[in-house]
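Good morning, colleagues. Please look at the model on the screen while I take you through its helices and a few of its residues.

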Amino acid sequence: MSTYPPTLAALAPKAINWSIALSILLILAGLFAILVPPFSGLAVTLIFAWAMIISGITHFVFAFKTHTTGGVLWELLVGAIYLFTGVYLLLHPLDALIVLTLILAVYLVFEGIVEIIQSFQLRPRHGASWLLFDGVITLILAIMIWRSWPASTVWVIGTLVGISMMFSGFSRLMLSLAAKRVLKQSL
């Protein structure tokens with residue numbers, strides 16, 4: 001039995017297969033979010049709230065690992081803000097959904113820009129046009145969210161997050177399949 005770590009050639013097919021499987025799961029999750037937008041919008045809000053609470057608790061734990069007075073006070077303050085915000089979001093999910101909708105629009109603008117830049121960096125490679133396509137769709141979704149905010153917040157965030165997830169999953173699937181073809185050609 002060999003104790004040597006596996007080579008890149010041995011790991012690449014497994015990584016590509018995992019990437020394909022995760023892409024398909026992302027597409028299915030996006031489809032579910034589109035079919036039940038109020039539920040998915042509230043789910044996004046609640047997941048964000050719990051992430052804030054966990055971050056707050058983490059800051060509190062880290063505060064006691066810090067050995068400077070300023071560091072402890074800073075970590076306690078940041079932890080309290082995260083914890084308060086997370087609990088507030090849990091107690092007021094519809095209000096939080098309105099705010100998160102606007103935050104999502106801003107996030108999608110940055111995500112779209114980054115994906116477009118990455119597509120130009122990957123340009124000579126197969127599948128780079130799918131990343132460009134994903135970036136353009138993401139920017140369009142950001143504009144759609146911003147223009148309908150806050151009137152249709154309850155259904156928009158779930159629907160648009162679902163569409164974004166589907167397109168991201170589809171573009172990642174196309175990139176993974178392109179990588180699989182290149183890997184087969186090199187063997």
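**Helices, a patch and a cis bond**

I begin with residues 155-175, whose end C-alpha atoms lie 30 Å apart, the span being 100% helix and 0% strand. Helices here are DSSP runs of H or I of at least four residues, numbered from the N terminus. For residues 97-117, the end C-alpha atoms also lie 30 Å apart, with 100% helix and 0% strand. Both spans are among those that the unreviewed UniProt entry annotates as "transmembrane region"; such annotations are given in the numbering used here, with shortened feature names, and may be inferred rather than shown by experiment.

A word on the source: this is a predicted model, in which local features need pLDDT of at least 70 and side-chain atom pairs count only at pLDDT 80 or more, while totals for chains, interfaces and linings use all residues. Residues are numbered from 1 along each chain as its sequence is written, and side-chain values use heavy atoms, leaving out hydrogens and water.

Next, helix α3, residues 69-91. Its 23 residues should span 33 Å at 1.5 Å a residue, and its end C-alpha atoms are 33 Å apart, which agrees; the expected span is 1.5 Å times one less than the number of residues. The buried residues of α3 include Gly71, Glu75 and Val78, where buried means under 20% relative accessible area (1.4 Å probe, protein chains only). Their cover includes α2 (37-63) and α4.

Turning to α5, its 21 residues should span 30 Å, and its end C-alpha atoms are 31 Å apart, which agrees. Among its buried residues are Leu131, Asp134 and Gly135, and what covers the buried residues of α5 includes α4 (93-121) and α6.

Which residues does serine 168 contact, beyond its neighbours within four places in sequence? They are Leu26, Glu111 and Asp134, contact meaning heavy atoms within 4.5 Å. Serine 168 is found in helix α6 and is buried, with a relative accessible area of 9%.

A cis peptide bond joins tryptophan 149 and proline 150, with omega about -10°. In general, most peptide bonds are trans.

Finally, the surface. A nonpolar patch of about 1000 Å² is made by residues including Trp18, Leu28 and Phe39. Helix α1 (residues 8-35) gives the largest share of the patch, eight residues, and leucine 28 lies in helix α1.

Key
Patch = residues over 30% accessible without salt bridge, like charges linked within 9 Å, V, L, I, M, F, W, Y side chains within 5 Å. Areas by Shrake-Rupley, 256 points an atom, 1.4 Å probe, with all protein chains shown as cover. Salt bridge = Lys/Arg side-chain N within 4 Å of Asp/Glu carboxyl O. Helix = DSSP H or I, 4+ residues; strand = E, 2+ residues; numbered from the N terminus. Buried < 20%, exposed > 50% of the residue type's maximum accessible area, 1.4 Å probe, protein only.
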